[in-house]
Amino acid sequence: MKALQQEASQCAEMIKKANAIVLLSGAGMSTNAGIPDFRGPQGLYKRAGIPDPERIFDIEYFYRDPSLFYSFHRELLKALDAAKPTFAHFFFAALEKKGKLLGVITQNIDALHQRAGSHKVYEIHGGIWESHCTKCGKSFDYETSKRMTFEKEIPRCDNCGGVIKPDIVFFGEPVKHIDECFELARKADLFFVVGSSLVVTPAAMIPSATSGEIVVVNKGEVSEFYLPSSRVALRVDADIDEFFRSVNEELKLL
Ligand code: CNA
């Protein structure tokens, strides 16, 4: 516990000195909100109980058989409906309000950063708020596509019968806003990686663009393949909300 407080104090000092903070968040940021991550011990890949669970978000597999994705997506939608932003989401929104944060780069599709009050959010893996027909391109809003997802095993376009796909970036599809995200990382004087195993590229490469100090907050393993370890000033292996509550005790942002 003492170690956590020391790490929190060190982090608070770094935040005090910083003027251009950037956050890269991953699924671990939202587990306390009730949305399971993929690769953590309680992650969706483990729960799915299927060999090679990465097929769920494989675009080629989706075109062959969308039912695997949709059986998974129904569970994710139920979790999203019940979710609320956690302390750490509010903490980073408060840093933006204070003028210290340049932006949030998120791999999450849950919109919890926006719901906590963050405005400068780059959803590099897209989101679930809009869906499109894979054949004619017709767009469907969140409520319509959600209703269709629960009504049918595979939701289909009322215009042409094509399969509908939410605007989540699948493996094999290009990520969004990537140039802006690298630019943001370059401008950062303090770069946070929070709740990410850093195994998904190109997101995992973004921290390498910063010349600022890096703070990694993640329970469990984080891939160091692309992480510039010489710039990692602090590595916290703890619960995200517990840690940022402790940082906030010093900063009193919330
Ligand atoms: P990941 O690979 O599942 O890694 C998450 C990491 O967070 C793991 O190392 C966990 O051990 C760690 N973790 C989980 N909970 C906590 C906690 N409370 N405190 C500290 N650490 C914790 O997720 P990444 O984001 O790295 O992988 C990228 C994928 C996951 C992206 O494509 C996302 O779209 C996708 N995803 C998003 C959501 C969401 O929107 N909330 C949920 C599940 C997956």
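User: Which residues does Leu 101 touch, not counting residues up to four places away in sequence?

Analyst: Contact means heavy atoms within 4.5 Å. By that criterion, Leu 101 touches Ile 21, Phe 92, Leu 95, Glu 96 and Lys 120, with residues up to four places away in sequence not counted. This is a predicted model, in which local features need pLDDT of at least 70 and side-chain atom pairs count only at pLDDT 80 or more, while totals for chains, interfaces and linings use all residues. Residues are numbered from 1 along each chain as its sequence is written, and side-chain values use heavy atoms, with hydrogens and water left out.

User: Where is Leu 101 placed, and is Leu 101 buried or exposed?

Analyst: Helices (H or I, at least four residues) and strands (E, at least two) are DSSP runs, numbered from the N terminus. Buried means under 20% relative accessible area, exposed over 50%, and partly exposed in between, with a 1.4 Å probe and protein chains only. Leu 101 sits in strand β2 and counts as buried, at 3% relative accessibility. Its C-alpha atom is separated by 8.9 Å from that of Lys 120, 19 residues apart along the chain.

User: How should I read a helix in terms of burial, and how many residues of α5 are buried?

Analyst: Check each residue against the burial cut-off, then look at the helix as a whole. Helix α5 (residues 87-97) is mostly covered, as nine of its 11 residues are buried. Among them are Phe 87, Phe 91, Phe 92 and Leu 95, but also His 89 and Glu 96. Just after α5, Gly 99 has a positive phi of about 85°.

User: What is a nonpolar core, and which residues touch the most other members of the largest one?

Analyst: In soluble globular proteins, nonpolar side chains tend to be buried together. A nonpolar core is a set of buried Ala, Val, Leu, Ile, Met, Phe, Trp, Tyr and Cys residues joined through side-chain atoms within 4.5 Å. The largest core here has 31 residues, of which Ile 15, Phe 92, Phe 192, Phe 243, Phe 244 and Val 247 touch the most other members. At least two residues of this core come from each of α1 (2-17), β1 (21-25), α5, β2 (101-106), β7, β8, β9 (232-236) and α9 (240-251). The most is given by α1, with six residues. A second, separate core has 30 residues, including Ile 35, Ile 59, Ile 128 and Cys 133.

User: Which residues does Phe 243 touch?

Analyst: Not counting residues up to four places away in sequence, Phe 243 touches Leu 4, Glu 7, Ala 8, Cys 11, Val 217, Leu 234 and Val 236.

User: Is Lys 146 buried or exposed, and is Lys 219 buried or exposed?

Analyst: Lys 146, in helix α7 (residues 142-151), counts as buried at 14% relative accessibility. Leaving aside neighbours within four places in sequence, Lys 146 is in contact with Leu 77 and Asp 81. Lys 219, in the loop between β8 and β9, is exposed, with a relative accessible area of 57%. With the neighbours within four places in sequence again left aside, Lys 219 is in contact with Asp 237, Ala 238 and Asp 239.

User: What is the radius of gyration of the protein?

Analyst: The radius of gyration is taken over C-alpha atoms, and the globule rule is 2.2 Å times the number of residues to the power 0.38. With 254 residues, a compact globule would have a value near 18 Å, and the protein has 19 Å, which agrees. Of the 254 residues, 54% count as buried.
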